[in-house]
Amino acid sequence: MSNGIKIHKVGIIMNGVTGRMGTNQHYIRSILAIIKQGGVKVGDTEVIMPDPILVGRSEIKLQKLAAMGQNIRYTTDLDAALADPQNIIYFDSQTTSRRADGVKKAIAAGKHVYCEKPTAVSTEKAYELYQIAKKAGVKHGVVQDKLWLPGLVKLQTLIKEGFFGEILSVRGEFGYWVFEGNTGVTPQRPSWNYRKEDDGGIIVDMLCHWRYVIANIFGNIKSLTCLGATHIKERIDEAGKPYKCTADDSAYATFELDNGVICHFNSSWDVRVRRDDVLTIQVDGTKGSAVAGLRDCVCQHASATPRCVWNPDIDSPVKYADGWNRVPDYQEFDNAFKIQWELFLRHVVKDEPFRWGLLEGAKGVQLAELGIASWDKRAWVDVPELQA
Ligand SMILES: NC(=O)c1ccc[n+]([C@@H]2O[C@H](COP(=O)([O-])OP(=O)(O)OC[C@H]3O[C@@H](n4cnc5c(N)ncnc54)[C@H](O)[C@@H]3O)[C@@H](O)[C@H]2O)c1
């Protein structure tokens, strides 16, 4: 209690916090931002206040991160952090191959767990994590950040309004050029992403996302085909050394939903962006269409649809881009990772519902695994249900 306000101090072990996602999205933009805003308000007189302990191998890196806030704890001793009953949540954003062991150990220590996707490197292991967490009775969550992107929230608003009529198809275009490292421009992604032996690959990375995006917004996936490719064969690593790319860097996947909607998603780290954003999702329905990016969403109603005809002999009389209206910002949008963190903290402390757990995480891993199986077999594959 302080000034009549009840403060729930929540010790959070942050493992993998020195990495790209751990530092930027989870520590700086989520946990530090929540601390700086005075915690998560859960009523007029109650606040949840995160109390992170940063875990990693490099004391210097941890020290630097801790200095960004006030009285931020850090340690290189994960076991000691797990043994401290004050830490009730374990968060993991380590490289994918280390996740399952980290999460298992935390559940065995009685912690609630929240982690990045993919939750494991196989469906079997990912589903096992769900079962272990369920049996232990701990609360669990998996990052599904795209659901809270402003552009996708606007898309969901249009669906709720019935704007599309019957939805026919969805086209997702994700990607940008990731520099190879041989021209003096620093690559934007870690080198393990391009090595299969380190659990890299765009199918594993992105199909996890497409699973929850499609399931939450458009419907249940019945079957899929996926073709992967490793277009760039050699890149330069963090130490300046060339390495062979052994993992897929592009994926061309088609998903058939139970409700008949067809979704096609291209994912690539070897494309240059000439669209509104690094991710665009176009939805076409009988009564209207929309294209969502990360923050914006534009739409075109059936009544404003131009009558396009094929005529390459003249300049187009239709200015295609002009026929779309921007969906207004009906609300303020916070960082998507932070929104989900706040929901998880409320789930842990106030027992509020939270449906983005390890089962959903396992479904993401399953879609990625089936995508690779489809590519191997050059065939359509069905998506079996994972039992709750
Ligand atoms: N939600 C999203 O949109 C999104 C986006 C990118 C990555 N990810 C996922 O987040 C995870 C981290 O990705 P990243 O891009 O931050 O990677 P990164 O390589 O930048 O960070 C990995 C972290 O793991 C730690 N680590 C690696 N090897 C270790 C070892 N042997 N012992 C102890 N710690 C070790 C590193 O120190 C670092 O803190 C991956 O699983 C990735 O798939 C999610």
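Me: What should I know about the model before I start?
Reply: It is predicted, so local features need pLDDT of at least 70 and side-chain atom pairs count only at pLDDT 80 or more, while totals for chains, interfaces and linings use all residues. Residues are numbered from 1 along each chain as its sequence is written.

Me: Into which domains is the protein chain divided?
Reply: Domain bounds come from an automatic or database domain assignment. Here the chain splits into domain 1 (6-144 + 336-354) and domain 2 (146-331 + 366-377). Their C-alpha centres lie 29 Å apart. The contact takes 13 residues from domain 1 and 14 residues from domain 2. Two residues are in contact if their C-beta atoms, placed from the backbone, lie within 7 Å.

Me: Which elements give two or more residues to the side of domain 1 that touches domain 2?
Reply: Helices (H or I, at least four residues) and strands (E, at least two) are DSSP runs, numbered from the N terminus. On this side, the elements are helix H4 (96-108) and helix H8 (336-350). H8 gives the largest share, three residues.

Me: How do I read the nonpolar core?
Reply: A nonpolar core is a set of buried Ala, Val, Leu, Ile, Met, Phe, Trp, Tyr and Cys residues joined through C-beta atoms within 7 Å. A residue is buried if 20 or more other C-beta atoms lie within 10 Å of its own, exposed if 12 or fewer, and partly exposed in between; C-beta atoms are placed from the backbone. The largest core here has 94 residues, and Ile-13, Met-14, Leu-54, Ile-89 and Val-113 have the most contacts inside it. Helix H7 (residues 202-217) supplies the largest share, ten residues. Domain 1 and domain 2 each give this core at least three residues. Beyond four places in sequence, Val-113 touches residues including Tyr-90, Val-103 and His-140.

Me: Lys-154 lies in helix H6. Is it buried or exposed?
Reply: Lys-154 is buried, because 25 other C-beta atoms lie within 10 Å. Not counting residues up to four places away in sequence, Lys-154 touches Ala-292, Cys-297 and Val-327.

Me: In what order do the nine strands of the open sheet run?
Reply: Strands of a sheet pair through backbone hydrogen bonds, either parallel or antiparallel. Two strands pair if DSSP finds at least two bridges between them. The order is E17-E16-E15-E14-E8-E13-E12-E9-E18, with mixed pairing. Strand E17 (325-326) and strand E18 (381-382) each have a single partner strand, so one side of each lacks a neighbour in the sheet. Strand E15 (residues 288-292) and strand E16 (residues 297-301) run antiparallel, joined by five bridges. Ala-292 stands opposite Cys-297 in E16.

Me: Which residues come nearest to the ligand?
Reply: A residue is near a molecule or strand if its C-beta atom, placed from the backbone, lies within 6 Å of it. Of the 20 residues around the ligand, Gly-19, Arg-20, Met-21, Gln-94 and Glu-116 come nearest. Helix H1 gives the most to this shell, three residues.
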